[in-house]
Amino acid sequence: DGDGDGDGGEDKDKDDDDSSVDSYGSLPSEEEDVEASEAAMKATLEKMSKKDPDFHKYLKENENSLLEFGEEDDDDDDDDGDGMEDDYVQDEDAMESMANELADDDLDDDALQKQFRKQQKAASNKFLLTPQRLQQLEQGAFKSHSVRGLKRIIAAYGTACHLSDANGQEAADSDDEEGGNGGGRRRKKEFQITSPVVFDRLMAVCLVQCHEEFHYHLLGKGSGLDDGDESDEDSSSASEDGDAKMEKDEEKPTTAIDENQPLHPKKLSKSPHFAAIQPLLESFIKSTHHILTEAGKEAKLLRFVLSSLAKYVPYLTLFPKVSKPFLKTCVKLWSAPLDTSEEYNAVRLQAFLRIRQLAITQPYPFIEDALKSTYLSYAKRSKFGTAANVTSVLPTLTFMGNCIVELYGLDYASSYQHAFVYIRQLALHLRNALMKQTEESRATVLCWQYMHCLKLWVAVLCAAKGGTVAGKDEEANSMQSLVYPLTEIVLGTCRLVPVARYVPLRLHCVRLLQQLAA
């Protein structure tokens, strides 16, 4: 049975098949089976070398390991025996490091268990928002005029605004903690939104209708204050049609505030619901600002959110710390350099309208921040307004310049200060180029960015001259005092390098001089 011949192995296999039942003691050992299989393999390879010598030659050249079957076992055994002591020494030397790793693993396991428990607890506290439940929230907030219902739907809105975050719910909870300390306890259950239909419906309903509830509780009938406090026209209409409005209170919203008129915080604080509504309003505005920063290039979403925010900007007088980041985001969207499509141009327009509305409705120092940030954004953007990309960038720059002209016409007193500073900055660049006469100093003047800035200030001063109205003549005259220094800057730019290469630049300067003289 222990022979290594291939024929003996085959006869043995046949005898084993013919026998009825073998005892466990008659079975060969594992080593004997391996040796028999190796002997059979060798015999088969020898027969193949005789029958098909070409294939045997191919195996010898390309797959020699197959022909050396079973010859490396002894070497492997020797290697294994020789390496046991070395492995043992290495393991003995690494005992301390392994113990430290095990201790760290125990700590990691504890942390993972705590995190798992926290996730389980959070999952149990989540409230799945379905279309039916969303309809119930709308009923409680907008039809029943319940402060508690308004709080619930704003909490769901905050969750929707933070869905794109990796830690979205934690961010929403932090907003609730900052804004909800004065208005009540933190919500116990978090909302879970999985349906895109529910998400779209929630965003649209909250942005379109929440301002009506804020007005209802702070200035409308829910506050106990007369609408006549806002304006004389509202008081007369309320006295004549008061009974009709009472009957149709659920069908028609309360009279909205003027979007371009500031709201004094003291007027809002007179409402008995002010303490409960203020944190809800702050949470709503913060969540909306967050989705503006995370929307990316989704032009339709940005346009809808920005247009809907027109009803909420007057309430930002309550939160001066929120209004500045909001202005920064709007300026960023207004001067975005990447997208010049028609869809995004609508976003630029809506962003500028919110900037203008902020400058009108917020207290005095705020308009100076708006003037400064818009001009600096225009100056950075004008660097790319070259002749090579005139079809793509120049229309955007023209639109941005018209927006700045509109913004600087709101308050000539503040505009004069900023115009004086930035025109003086252009004069310093020109003086530096005239004195040093170096390529670098000249390049700061003889470039498209400098020319676009000159063009902008010429347009601002021309608009101030043609837009003088009663009561603003003195402020407009202060703007006209900047015409002379700007004219000298344009003439100095023409005479800086009197060579034929810069004839097109001189033609641009001549056009600016004609506009100032008109």
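Rings of Phe, Tyr and Trp, with the six-membered ring used for Trp, count as a pair if their centres lie within 6.5 Å. The model shown here is predicted.

**Aromatic cluster**

Select Tyr157, Phe214, Phe284, Tyr312 and Tyr315, which ring pairs link into a cluster. The structure holds 10 aromatic pairs. Phe214 and Tyr315 are both buried.

**A tilted pair**

Next, select Tyr375 and Trp457, an aromatic pair that is tilted, at 5.0 Å centre to centre and 40 degrees between the planes. Because Tyr375 sits in helix H18 (residues 365-381) and Trp457 in helix H22 (residues 448-466), the pair ties together parts that are 82 residues apart in sequence.

**Salt bridges**

Now turn to the charged side chains, where the count comes to four salt bridges. Select Arg201 and Glu138, which form a salt bridge with the closest N and O atoms 3.0 Å apart. Arg201 lies in helix H10 and Glu138 in helix H7 (residues 131-143), so the pair ties together parts that are 63 residues apart in sequence. Arg201 counts as partly exposed, at 45% relative accessibility, whereas Glu138 is buried, with a relative accessible area of 12%.

Move on to Lys311 and Glu259, another salt bridge, whose closest N and O atoms are 3.0 Å apart. Lys311 is in the loop between H15 and H16, while Glu259 is in the loop between helix H12 (242-247) and helix H13 (265-269); the pair links distant parts of the chain, 52 residues apart. Lys311 counts as partly exposed at 30% relative accessibility, and Glu259 counts as partly exposed at 25%.

Finally, select Lys286 and Glu282, a salt bridge in which the closest N and O atoms are 3.3 Å apart. Both residues lie in helix H14 (residues 274-294), four residues apart, or about one turn of the helix. Buried means under 20% relative accessible area, so Lys286 counts as buried at 19% relative accessibility. Glu282 is buried, with a relative accessible area of 18%.

Notes. Residues numbered from 1 in each chain as written. Predicted model: local features only at pLDDT ≥ 70, side-chain atom pairs only at ≥ 80, totals over all residues. Heavy atoms only, no water. Phe/Tyr/Trp six-rings, centres within 6.5 Å; stacked < 30°, edge-to-face > 60°. Buried < 20%, exposed > 50% of the residue type's maximum accessible area, 1.4 Å probe, protein only. Helix = DSSP H or I, 4+ residues; strand = E, 2+ residues; numbered from the N terminus.
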